[in-house]
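Student: I have a structure open and want to go through it piece by piece. Can you take my questions as they come?

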Amino acid sequence: MSASSDDSSEDERNEPARNPYAAPKHGAPTPPPRAPEPRRPAESQRPGEPNGPRQGMPELPDKEQLKELGRSLAWFGAAMLGTFLASQLPLPVGAATPVLGVATIWLGVRAIIRSRKISTRNLLTPMAIMGIVLALLLTLAGTSRVVLWPIEVAKQECLQLAITNTARTECVNEYNTALQERLDSLTPGS
């Protein structure tokens with residue numbers, strides 16, 4: 001009997017390590033199944049969360065907040081487009097640029113506030129801030145066109161009648177001269 005036990009111990013030593021996830025060999029005893037440990041609720045688990053707490057995850061916004069944010073961003077985008085288009089039009093219509101620009105800035109601030117209510121870490125806020133800065137620049141440019149109305153109208157009429165590049169260059173030179181005279185008249189001590 002000792003010889004057979006020596007042979008089996010030699011076989012076990014020469015055998016490679018067994019995979020713990022593999023099925024047991026035929027005829028080998030199977031270990032008794034372990035009972036699952038009872039689940040204890042975590043301290044930070046909120047009531048109604050069956051899968052446990054979400055650590056480090058922000059709360060998901062509700063659908064109504066997302067709808068409001070979407071509407072705000074749509075109005076902001078439409079106002080931004082309107083401001084840009086109005087700034088490209090000739091002066092009687094282009095005078096709407098400052099009004100549309102102020103409305104765009106207001107809608108952008110409103111969109112930022114709604115975006116920040118949902119989450120402080122999102123890309124909508126920096127993009128809306130860039131849109132507000134662009135709207136501010138367009139508003140200032142539109143306001144300067146309204147302030148310099150007679151000079152701007154003279155330039156527009158001249159460019160409409162100009163056929164050649166030389167005539168266009170002359171219109172731009174007249175505009176620059178008139179603009180410089182206007183700025184000199186506004187500057188004290190000149």
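Student: Which exposed residues does the face of H7 turned away from its buried side carry?

Tutor: That face of H7 carries Thr166 and Glu181. Exposed means over 50% relative accessible area, buried means under 20%, and partly exposed is in between, with a 1.4 Å probe and protein chains only. This is a predicted model, in which local features need pLDDT of at least 70, side-chain atom pairs count only at pLDDT 80 or more, and totals for chains, interfaces and linings use all residues. Residues are numbered from 1 along each chain as its sequence is written, and side-chain values use heavy atoms, with hydrogens and water left out.

Student: And which residues of H7 are buried?

Tutor: Cys171, Tyr175 and Leu179 are the buried residues of H7. They sit on the same side of H7, because they cover an arc of only 65 degrees around the axis. The arc is that of the directions from the helix axis to the C-beta atoms.

Student: Why do residues three or four places apart point the same way?

Tutor: An α-helix has 3.6 residues a turn, so residues at that spacing point the same way.

Student: What should the 22 residues of H7 span?

Tutor: At 1.5 Å a residue, helix H7 (residues 165–186) should span 32 Å, and its end C-alpha atoms are 32 Å apart, which agrees. The expected span is 1.5 Å times one less than the number of residues.

Student: What covers the buried residues of H7?

Tutor: The cover includes helix H6 (149–161). H6 and H7 pack at an angle of about 170 degrees, with their axes 9 Å apart. The axes are lines fitted to C-alpha atoms, for helices over the stretch in contact, and angles run from 0 to 180 degrees between N-to-C directions. H6 and H7 are therefore roughly antiparallel to each other. Angles over 145 degrees count as roughly antiparallel, under 35 as roughly parallel, 65 to 115 as roughly perpendicular, and the rest as oblique.

Student: Which residues make that contact?

Tutor: From H6 they are Ile151, Glu152, Lys155, Cys158 and Leu159. From H7 they are Arg168, Cys171, Glu174, Tyr175, Ala178, Leu179 and Arg182. Contact means heavy atoms within 4.5 Å. By class, there are seven nonpolar, no polar and five charged residues. Ala, Val, Leu, Ile, Met, Phe, Trp, Tyr, Cys and Pro count as nonpolar, Asp, Glu, Lys and Arg as charged, and the others, Gly among them, as polar.

Student: Cys158 is on that list. What is Cys158 in contact with?

Tutor: Leaving aside neighbours within four places in sequence, Cys158 is in contact with Cys171 and Glu174. Cys158 is partly exposed, with a relative accessible area of 22%.

Student: New topic. How many helices and strands does the protein have?

Tutor: It has seven helices and zero strands. Helices (H or I, at least four residues) and strands (E, at least two) are DSSP runs, numbered from the N terminus. Of the 190 residues, 21% count as buried.

Student: Which residues of H5 are buried?

Tutor: They are Thr125, Ala128, Gly131, Ile132, Ala135, Leu138, Thr139, Gly142 and Arg145. These residues pack against H2, helix H3 (91–94), helix H4 (97–118) and H6.

Student: Pick Thr139. What is Thr139 in contact with?

Tutor: Beyond its neighbours within four places in sequence, Thr139 is in contact with Pro98, Gly101, Val102 and Ile105. Thr139 is found in helix H5 (residues 124–147) and counts as buried at 9% relative accessibility.

Student: At what angle do H5 and H6 pack?

Tutor: The angle is about 90 degrees, with the axes 5 Å apart. H5 and H6 are therefore roughly perpendicular to each other. The contact is made by Arg145, Val146 and Val147 of H5 and Trp149, Glu152 and Gln156 of H6. Those residues divide into three nonpolar, one polar and two charged.

Student: Last one, H2. Which residues are buried there?

Tutor: In H2, Leu69, Ser72, Phe76, Ala79, Met80, Thr83, Ala86 and Ser87 are buried. What covers them includes H3, H4 and H5.

Student: And Gln65, where is its place?

Tutor: Gln65 is in helix H2 (residues 63–88) and is partly exposed, with a relative accessible area of 31%. The C-alpha atoms of Gln65 and Arg114 are separated by 7.8 Å, and the two residues are 49 residues apart along the chain.
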